[in-house]
Each structure stands twice: as C-alpha cells, then as structure tokens.
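Here is a short briefing to read alongside the model. Please keep the sequence and the viewer open as you go through the points.

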Protein chains: 2
Amino acid sequence: MAEADSTLTKTQAGPDIVMVGSIGIDTIQTPNERRENVLGGSNSYACAAAALFARVGMVGVVGNDFTDEYRALYTKCGIDLTGLQTAEGKTFRWSGVYEDDMINRRTLSTELNVFGGFAPQLPELYRPAPYFLLGNISPELQLMVLDQAKRPRFVVADTMDLWISTAIEPLTQMISRVNMLMLNDSEIRLLTGEQNLLAGAQQILNMGPQYVVIKKGEHGAMLVTRSKIFLVPAFPVAQVKDPTGAGDTFAGAFLGLLASRRMVSERNVKEGLLYASVAASFAVEDFSPGRLMELTRDDVDSRLLQLKKMLSWD
Amino acid sequence: MAEADSTLTKTQAGPDIVMVGSIGIDTIQTPNERRENVLGGSNSYACAAAALFARVGMVGVVGNDFTDEYRALYTKCGIDLTGLQTAEGKTFRWSGVYEDDMINRRTLSTELNVFGGFAPQLPELYRPAPYFLLGNISPELQLMVLDQAKRPRFVVADTMDLWISTAIEPLTQMISRVNMLMLNDSEIRLLTGEQNLLAGAQQILNMGPQYVVIKKGEHGAMLVTRSKIFLVPAFPVAQVKDPTGAGDTFAGAFLGLLASRRMVSERNVKEGLLYASVAASFAVEDFSPGRLMELTRDDVDSRLLQLKKMLSWD
C-alpha cells in the first residue's frame, strides 16, 4: 500500500493549487541528444511551472527507487510533497524518440510500475485548495480527486485519445465537473465527432466547462468560450531541445498565474494563457523540467513582455 | 507572340500596385467537393485581394481559350488588365486533390501551355507604380519585372522550393532587390540550410530584404526584421472549403493595404499583415478567388476588428 511522504516542508496554510498527474523517469532521444533517467511525467512539468506563481501541492506516486535527488528538485522550487505517495516497487518509466521535426515522437517503452496501482489520496491540508489541475490520468482517478476536493473554485483538466476511446462515460462525467478542458485538435475531433474545431469546442462547452483550450503545440493555443475566442500564439523559440512536457507546462503555468491573481476573470484567464505560452517556450529549451526549475518569476515576466510586444500592432 | 490586352478599362493614373504571377484554370478536388475549370493561379488570388484596398494592375499571360467571363471577374473587382497578355494557345492549367486534412495536396496534372513561354511586359502605365508583388514565377522573370520598374518603393516577392533548388543565382539576385520576402518554413530551411527558422530569417535579411515573412499556413505567419518579431495569427475559419491560393491572397492583401496607406511604416506593415491574415481566411471559405471577389472592404474591416479582439488580452 502506498504511503504519504510527509518528510518534506509543508506550507502552513495548504497549497493554492493541487495538481495530480504522472510522475516518471524518462529516457528521451532527440535528433541531437539523448538523456537517460531524467525527471518526467505530466505532473513534474505542471507543478514546476505553477510553482513560479503560487503554492503547489503535488499528488502522485513514485516507487522506492525515486531518489532524494529527484525529490530535492521539487522542493527546491517550492513544490509541496505531502501528497506524493511512495509505493513499493519501481517508478513509472517512459522512453521515446523524437523525429527530426521535433514534433512527432515514437514511444520506445512504457513501464507503468507503481503508477499502475495509483489511487490519488489528498492530504487533509490539500482538500480546501481553490485550484485543481487534473493532469492526464484516467478519468476515474480524476473524479476521485474531485470527490476529495472541498470547494474547488476553478478546475482545469487534461485528457488524451486513450481515455476518449476507452472511458467515455467517466470522462464525460469528469468534463461536466470542470471549468476548463484543455485538448488538442485530434482529441476534440475524436471526442465530438466534429471536423470543425470551433463547432467541436462549442459541443464541449455544452458538456459543462466554461472554457475550452485547443492546444496546437508549437503553434500556440486557442481559448473558446460560448461567446468569445482568444488566440494564444506560441512564443517563438530559437532552438527546441526537447518538446516533452510542453502541454503540461502550459496547463501548470496557466493555473499558477490564475491562482496568484486570486480572482477568476476573463482578463486573468487570458493573461494566464499568455504566461502559459511563455512557460512552455522555456520548457522546450531543455530536457526535463530542468529549465523551468531554474527560472525566476522575472525571467517569465520579461519574456511575457516580449511576447506582448510581438503581438502589438500599434 | 503574346499581345497586350488593351480592350478593358484603364485607370487614368496607372495602378498603385503591379502584380505578376501565374494565371490559370484549375480543377480542384477536396474531400467534399470537386470544381472544374475555376479561375486560379497565384495572380488571380493576389490581385483580387489587393483590389480590395488599392488600384491593381495585373501582369500575366492567358491563352485564347480564356473567356470573357473570366476576364469579367477581374474587371468587376477593379483589376486593370492592360498588362494581361493573350497568347496563341491554351491557358495554364492545374489540377490537384486535397487530402482529408485540407492541407496536404497532390498535383494531378500541370499544363504550362502559354505560361511556359511567358515573358512579363509592363505597359508604360505600370512602370512608375510604387508597389510590386513578384508572385511565385521563376526568379529570371521576377528580375525582368524589376528591370522594367521605374522607381519601386516597396517590392514583395514570393518563391518556392523549385527555384531554390534550380535557380539559386538569379534567386539570390532577386532577393537582394526586394523589400520583403515571403516564404514557408521548409523553403527557409532549404534556402539557408538553417534548421532554426529565426536564424534562417536573419540570414535572408543579410541577403538584402528588410522584412522576412515566414508563412505557416493555417497557423498564421511571422514577420522578422533585424530587430523585431511580429506574430500574425491566422483568423480561425469555421469551415475550410478550398485552401488553394491562401498564401497568394495573404501577399496580395498585405501589399494592397500597404499601398492604400501611402507610407511604409512599421505600423502599416503590421496592419497590412493582419489584413492579410483576414483576407486569407475569406479565401479558403470557397473555391477559386470567388469569395474574395464578392467581398466589400467593410466585410474585411469587420473581420479585422474581430481578429484584433481575439488577440486583445485586456
């Protein structure tokens, strides 16, 4: 049975954001480089990005091969690990190869290990948190997190083709309970059967969320609400070193910024998405969430200013 | 020998913009529809888009199968045809099929016909024009146009992989003489050998132009100067019917707007690119430049306002 890791610093008041997702050890090969056993998993990226803006509590599971060095990377950037379970066995591992375009990738191996038996358990301290990110895990587990949340103010969820194809019922239920769903073009088409993305997004809005974010990778994203569209361009990156985790970083930074503003307004949502775009641009400049974990808020603010200049037509 | 078509209305003062490129008759098949013998060619799209903003003179060649109905489409939207030659033979014809993604296409047939022997001849009235668009024809022909221009203020050029691979010398010479080069990612990489697009764009700036526009199709475009980047998002289109000519429309609308402003400033260049994005979004909503030719300036202005709203973060 998994056991909560309570050896690390806790924030007194509980986190602003609770994030759940995978935590893994990755081996990644790009056309130029190969990195073995780097910190990975959706939650590593999302939490590192969110921690730039707000107090983050991480919910997930690792095996007993997960060293203190990895843990130190999280705590160094202020992520609370009270919600991180350590289970008997090995940590989730993934390895993949990117093609020359640095977009398409092939999975070489996936070992679920302890992640296969994961059941998210929120520490008491986490349950009153106002912001939740349901990273890309099965919708059943995402619902399990929601059921433990006391009064969530804003919930963002991610999903993937696998759950759309194999778990549509719990997925639909999950979607009905979140404020924002983030997904890419092919996922929208698969979920709604609509070729037209805008029509697909409207269909998802009818399922419950107030916001749909269509992720377009290196081409940015688009926010769709019932009455509005907001275009979120990607910050142009000189050299992509490793695109892994860009989408998770995007989600994490968005929610981090929103939490830091203490109010969910259209303006804050938009600003959060621009910050998300900037954070993702940093994430792809290096392997693992390493680059994110070194960043200061000033670095991010300064690139946000650059992005706004690149978008300003007068 | 080709002969100038002088049967149509001439503007008294000569056009603001002279545009050269292909004029053809297309047969296009998309996953949903097939259209035979529709007006096509880069110059048809570019001129139709530019004519929304300024007086346009068209330079090109058609065969004696090119009916008055086609000509009437041009003149109806105000395009001057003094520079349109009619040669003995058949008009350039192209046919292609789009895949389900509405992006990738396969050429079924290309018949150069009279376009194969095309040598652009600028009517006297066109030579003092301040704005020139060198559409995607061989760089030798593009240079021939430049040599006939008396005092060009702003020249935009397009090119393609074929000329980069087979005519690099005249291409380099042409590039050194234009103000703005528009090309897509793969063309930048082929021309400069740079994988990194921003570095590639800087290399092209070193060849002469003050502006490089990187076209990204449905994902918009990016303007790169020596000191700045401006992001030009695509206007989200509900339903793409036929993507043919979107890039030519983009170029034509850009230059049309710039010409209408009578001054080349950074602000006008940026505004021109936003208009270009909007014009391209209309172009793909129907086959041939038909949709463009029906548009009013008000339609375009109103969509520009929508685009600006979609980009405004406060």
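Met102(B) sits in the loop between strand 7 (92-98) and strand 8 of chain B, and it is a handy place to begin. Please bear in mind that this is a predicted model.

**Backbone angles to check**

- Met102(B) has a positive phi of about 60°, although it is not a glycine.
- With a relative accessibility of 12%, Met102(B) counts as buried, because the cut-off for buried is under 20%.
- Asn37(A) is another non-glycine residue with a positive phi, here about 55°.
- Asn37(A) belongs to strand 4 (residues 34-40) of chain A.
- Asn37(A) has a relative accessible area of 37%, so it is partly exposed.
- As background for both cases, most residues other than glycine have a negative phi.

- You will find Arg127(B) in the loop between strand 8 (105-111) and strand 9 (131-134) of chain B.
- Is Arg127(B) buried or exposed? Its relative accessible area is 19%, so Arg127(B) is buried, the cut-off being under 20%.
- A polar atom of the Arg127(B) side chain lies 2.8 Å from the backbone oxygen of Leu122(B).
- The side chains of Arg127(B) and Gln148(B) are joined by a polar contact of 3.2 Å.
- Apart from neighbours within four places in sequence, Arg127(B) is in contact with Gln121(B), Leu122(B), Phe132(B), Gln148(B), Ala149(B), Lys150(B) and Arg151(B).

**Strand 5 of chain B**

- Strand 5 of chain B spans residues 56-63, and eight of its eight residues are buried.
- In a regular strand the side chains alternate between the two faces of the sheet.
- On one side of strand 5 of chain B are Val56(B), Met58(B), Gly60(B) and Val62(B), and on the other are Gly57(B), Val59(B), Val61(B) and Gly63(B); both faces are covered.
- Strand 2 (residues 17-20) of chain B runs parallel to strand 5 of chain B, and four bridges join the two.
- Within that pairing, Met19(B) stands opposite Met58(B).
- Strand 5 of chain B is also joined by four bridges to strand 6 (residues 84-87) of chain B, again in parallel.
- Gly60(B) has Leu84(B) in strand 6 of chain B as its bridge partner.
- Between strand 5 and strand 6 of chain B, the chain passes through helix 2 (residues 68-76), and this β-α-β crossover is right-handed.

**Strand 5 of chain A**

- In chain A, strand 5 (residues 56-63) is mostly covered, with eight of its eight residues buried.
- Val56(A), Met58(A), Gly60(A) and Val62(A) make up one buried side of strand 5 of chain A, while Gly57(A), Val59(A), Val61(A) and Gly63(A) make up the other.
- Which strand do four bridges join to strand 5 of chain A, running parallel? One answer is strand 2 (residues 17-20) of chain A, where Met19(A) has Met58(A) as its bridge partner.
- Another is strand 6 (residues 84-87) of chain A, which is also parallel to strand 5 and joined to it by four bridges.
- In that pairing, Gly60(A) stands opposite Leu84(A).
- The path from strand 5 to strand 6 of chain A leads through helix 2 (residues 68-76) in a right-handed β-α-β crossover.

- Ala46(A) is part of helix 1 (residues 42-50) of chain A.
- Its relative accessible area is 3%, so Ala46(A) is buried.
- Not counting residues up to four places away in sequence, Ala46(A) touches Met19(A), Leu133(A), Asp248(A), Thr249(A) and Gly252(A).
- Ala46(A) and Phe254(A) are 208 residues apart in sequence, yet their C-alpha atoms are 9.3 Å apart in space.

**Chain A as a whole**

- Chain A contains 11 helices and 14 strands.
- Its radius of gyration is 18 Å, which agrees with the value near 20 Å that a compact globule of 314 residues would have.
- Along the principal axes, the C-alpha atoms of chain A fill a box of roughly 55 × 45 × 40 Å.
- Of the 314 residues of chain A, 61% count as buried.
- Among the contacts in chain A between residues at least 6 apart in sequence, 64% join residues at least 24 apart.
- The accessible surface of chain A is about 12,400 Å², and 48% of it belongs to carbon and sulfur atoms.

How values were computed. Residues numbered from 1 in each chain as written. Chains lettered and ligands numbered in written order. Predicted model: local features only at pLDDT ≥ 70, side-chain atom pairs only at ≥ 80, totals over all residues. Heavy atoms only, no water. Buried < 20%, exposed > 50% of the residue type's maximum accessible area, 1.4 Å probe, protein only. Pairing = 2+ DSSP bridges. Right-handed = clockwise from strand over helix to strand, strands pointing away. Polar contact = N/O pair within 3.5 Å; in protein donor to acceptor, adjacent residues only side chain to side chain. Contact = heavy atoms within 4.5 Å. Rg over C-alpha atoms; globule rule 2.2 N^0.38 Å. Areas by Shrake-Rupley, 256 points an atom, 1.4 Å probe, with all protein chains shown as cover.
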